[in-house]
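Please look at the model below before reading my points. Keep the sequence open beside it.

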Amino acid sequence: MNKLFFRLLVMLMSLSLIGIILVQVYWFNTSFRNNDEQFKFHVKQVLGNVAQKLEQHELYSFYNKINKKIDSAGVVPKEEDLMEFYYVQKNPKTNQTIVYSNNVKSKQYNISLPSFDKKFDSNKFKSFSSSRLTEVYNNNSIDNSAVNQSLVPDVKSVKVGSLGILDKFIFEISNKDILSAMPLEDRVSNDELDKLIRKELEEYGVKTKFEFGILSNGIVTKIKSDNFVYDKAITYSIPVFTDNEGNEKYKLYVSFPHKKKFLLSQLVSITILSIIFTLIIIIAYTSALNQLIRQRQISEIKNDFINNMTHEFKTPIATINLALDAIRNPKIIEDKDKVFKYLEMIRDENKRMHAQVENVLRISKLEKKELNIIKESSDIEEVINDAIEHVNLILEDREGSISTHFGAIRKIVLLNDVHFTNVIVNILENAIKYTPDIPKIEIYTENIKDMVLIKIKDNGVGMSKVAQKRIFEKFYREHTGDIHNVKGHGLGLAYVKRIVDDHNGQIYVESEKGKGSTFIIKLPLIN
Ligand code: ADP
């Protein structure tokens, strides 16, 4: 039940984690698309403005030309000098002819025009006021091509005022007709166009490199930036300089070579933040999961340990019970030799239990850091020889052998005799325990800098890379193959590591599965 719940939890969490990541990816995609749309929208507006301003510009230069002409003449221009329009309308039903004429007069006034070209900013612009005359002839016989002044109109009205919308319109139309006959290079320069587009783009916050070009009926003209090439995905266009008939001969193309980069750059900071947060969640989640799994493993291992211990206590207790029963037997109590044999048995079993208890106590002491180790300078070789003595009996039992190669010249180390002997004994015992064949153990010592190195090499089962990293952990035992058959609690090497650390030394293992292991201890020498 518990296990099922745990699995469900892990599955749900993993699923939602994947969900979060997918949502983020989706969000990024949509934002990118939205930004693209917005970019397109802004650029369209910019292009619209540019096209409009180009035409305005031409109109202003037209006005300006007229002004210049007037100024260069140096005389107050006569009204007729300026311009006169006639607009004649015949109405066949009423047989009426309306003649509309408009005399344009100039008037000087100071304004700064909404122009992109500085040239015009300070110019004194002359506005045109008009004197508008409307005459209505009821007799429809007059020829509109030759408006005769001698005819007397039936109705006549005169209005004087600023230039009317219609007049302006006529102005513009005639202007356009003239201009459309001019070559494109005379109408706009590369520099002007570049400045105009740049300014408009800046106003809309589109701060990325652009290229532009005007195409005439699909053919590139001289009006273009140096690196302009047409690429559909990054190019936007608008007709410019349309003539009075609405012919879209010229089209302005503006392309953004770094468009994608620009769009991405707008998302970069928020994306980095979301990646960081997601990573934090992933790391926190996996480490929490790891911790949980570790905890479960440890509790399993602890259970194993308790089972093992009780089992190991059961045998000696049963043996002792049997021995005691035997002694109480009146036949045996008389036999001194037998009693002595049983007593010996009891003592041995007791010793075993004691050793077991000692082991556990030692570890719990290690855990509480209560170990108070007194160290003296000692010869490392003596300690090793001492430890070999301890394992000699077991070794003989297995018909194994230990050979020593003491290469270290400086070998005096500050250490605790008892504990350090235990360290070597533990390693030697393991070397025997985890060697299914005849154990052949080699011990080397050597000096490296201010250290003495002790290498203990066996011809045993070896261990995996994972095991090499973990054998010094409490309760860790490699659960594979025949090692399962070897008894132990996974405490020996934890103790070894703790003692070596306490001596300011280092311990590690080099091993290959099936080829044996080498335990290496480094200890600092006394100067
Ligand atoms: P125990 O021997 O009681 O299991 P240890 O702490 O002494 O506990 O060892 C931990 C584990 O390290 C062992 O279970 C074994 O898998 C591995 N091990 C230790 N020494 C050797 C060795 N010489 N060769 C192969 N494996 C070893």
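Predicted model: local features only at pLDDT ≥ 70, side-chain atom pairs only at ≥ 80, totals over all residues.

1. The largest pocket has a volume of about 1600 Å³. It is lined by 44 residues, and those closest to the centre of the pocket are Asn 359, Asn 426, Glu 429, Asn 430 and Lys 433.

2. Which elements give two or more residues to this lining? They are the helices α9 (336-368), α10 (380-397), α11 (417-433) and α13 (492-502), together with the strand β15 (516-524). The largest share comes from α11, with 10 residues.

3. Domain 2 (291-371) and domain 3 (372-527) each supply at least three residues to the lining of the largest pocket.

4. By residue type, the lining of the largest pocket holds 18 nonpolar, 14 polar and 12 charged residues.

5. A separate topic is the surface. Val 268, Ile 272, Leu 273, Ile 276, Phe 277 and Ile 280 make up a nonpolar patch there, and together they have about 550 Å² of accessible area. One of these residues, Ile 280, belongs to helix α7, which covers residues 259-328.

Conventions:
Residues numbered from 1 in each chain as written. Heavy atoms only, no water. 1 Å grid on protein atoms, 1.4 Å probe; cavity = no way out; pocket = protein on both sides within 12 Å on 5 of 7 lines; lining within 4 Å. Points joined across faces, edges and corners; volume = space filled by probe spheres on them. Helix = DSSP H or I, 4+ residues; strand = E, 2+ residues; numbered from the N terminus. Nonpolar A, V, L, I, M, F, W, Y, C, P; charged D, E, K, R; others polar. Domains from an automatic or database assignment. Patch = residues over 30% accessible without salt bridge, like charges linked within 9 Å, V, L, I, M, F, W, Y side chains within 5 Å. Areas by Shrake-Rupley, 256 points an atom, 1.4 Å probe, with all protein chains shown as cover. Salt bridge = Lys/Arg side-chain N within 4 Å of Asp/Glu carboxyl O.
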